[in-house]
Structures are given as C-alpha cells and as structure tokens.
Amino acid sequence: MVNELCPGDLKTIYPEPTARVIAKARPEIDIHARKFIETSPFCVLATSGSDGSVDASPRGGHPGFVHVEGPNRLLMPDRTGNNRIDSFKNIVEGTGFVHLVFFVPGLDETLRVGGRGAVTAEPALLAAMEEFGKLPRAVLCIEVDEAYFHCGKALMRSKLWSRDAQVERATFPSISQVIHDQTKLGEPEPQAAVEARYKTQL
C-alpha cells in the first residue's frame, strides 16, 4: 500500500499555475490549433462512461484526417477497428465528454482539445470523408469548448521522435502472438503476416 495524497497535499507539492498557463486554454480552435490539427496524422481520443470508467484509444489517418469545420467543431471519421466501440458507447451512453491529444511527427509540442461528442452515420457526411479507398463507418462530431497546447517536455524526455530511441520490431512478439498467448484463441501469426493483413484493412 502507498500513502495516498489528499487534495490539500497537492498544494504543498505543486505551486499555482501562472496566469499565462491558465490563459493559454482557449474556448475555440484558433489559427495555430487549426494548423496543428490539419498537420496531425495521429491523436488519442479519451471518453468517459456513465459508470465513471475512462477509455483512451489511438486514432490515425492522413495528416488532417480530423476535419476542422469551424472554430468550435471537429469531425473525426471512424475507420475499421476491433468493433469494441468503447469510445462510441461512452459518448452515446455516457457523459458525452471527449478529450483529444494531437501529435505531429517531429514536433515535441502537443495539442489538447476538449468538448462534447456525438456520433452520426449520415450518408453525405460519410461520403465526404473517404480515405484509403473506403468510407468511414461513422463520424464523431465534436463541439469544442477548450483547446490548448502542451509544451514539449514530455516528448523530449521520452525522445519519442529520436531515431536513436526507436525499438527494433523484432524485439517484441507480433500482436497476434501476444493475443494468442493471452487468450489461447485463434492461431498466432508472425509479424510479416500481421503487417500484410493490416495493409488490406486500413
């Protein structure tokens, strides 16, 4: 067991944030946030369920796969996945609150965007968001109420974009092998087979 901190303890460890840190949280997507999103090929989507559970899942596509429809509106296409739809269940059945953290390869700063989400499958909207030769199955509409940039310290500490920090894929078993070991279901596949299958399912 660890000695857990109480709310009052936090104030003895962390000083108050500066006025600039507070002010950088903007109520809309400004010109800088828009450019960052339009350059980003990857983000993490966090949602919360009605039972208090939290889900975070990776989302990716070509740069700008998340469409900026206006200063307070984003559209994110949903591509083929594992069909658990944990995020969408949280949005439809839970609080509706969403947060995203956008990454741009080579930049250490990240962008955090928060708001409320809704899921739609309107045909016209799906048709407008074709990518990889396929239509999305649904689109997440996000009404943005907060956006702010994080400094680059976390990515700098992790050396995320450094070639020297890259791990050889062969040092870790294929995801197929991992799931087989965990569940004893299906047949394990080598990494080459997994990557070949990925290319047909994007």
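**Salt bridges and a sheet**

Let's start with Glu-38: this residue is partly exposed, with a relative accessible area of 39%. Partly exposed sits between buried, under 20%, and exposed, over 50% (1.4 Å probe, protein chains only). This is a predicted model, where local features need pLDDT of at least 70, side-chain atom pairs count only at pLDDT 80 or more, and totals for chains, interfaces and linings use all residues. Residues are numbered from 1 along each chain as its sequence is written, and side-chain values use heavy atoms, leaving out hydrogens and water.

What does Glu-38 meet in a salt bridge? The side chain of Arg-34, at 3.0 Å, N to O. A salt bridge here is a side-chain nitrogen of Lys or Arg within 4 Å of a carboxyl oxygen of Asp or Glu. Arg-34 is also partly exposed, at 34%. Both residues lie in helix α3, 4 residues apart, about one turn. Helices are DSSP runs of H or I, at least four residues, and strands are runs of E, at least two, numbered from the N terminus.

By this rule, the count is 7 salt bridges. Another one joins the side chains of Arg-79 and Glu-131, at 3.1 Å, N to O. Arg-79 lies in the loop between β4 and α4, and Glu-131 in the loop between α5 (123–127) and β7, so the pair ties together parts 52 residues apart in sequence. Both are buried.

Now the sheet. It is open, with 7 strands in the order β2-β1-β5-β6-β7-β4-β3 and antiparallel pairing. Strands pair if DSSP finds at least two bridges between them. The edges are β2 (54–60) and β3 (67–70), each pairing on one side only.
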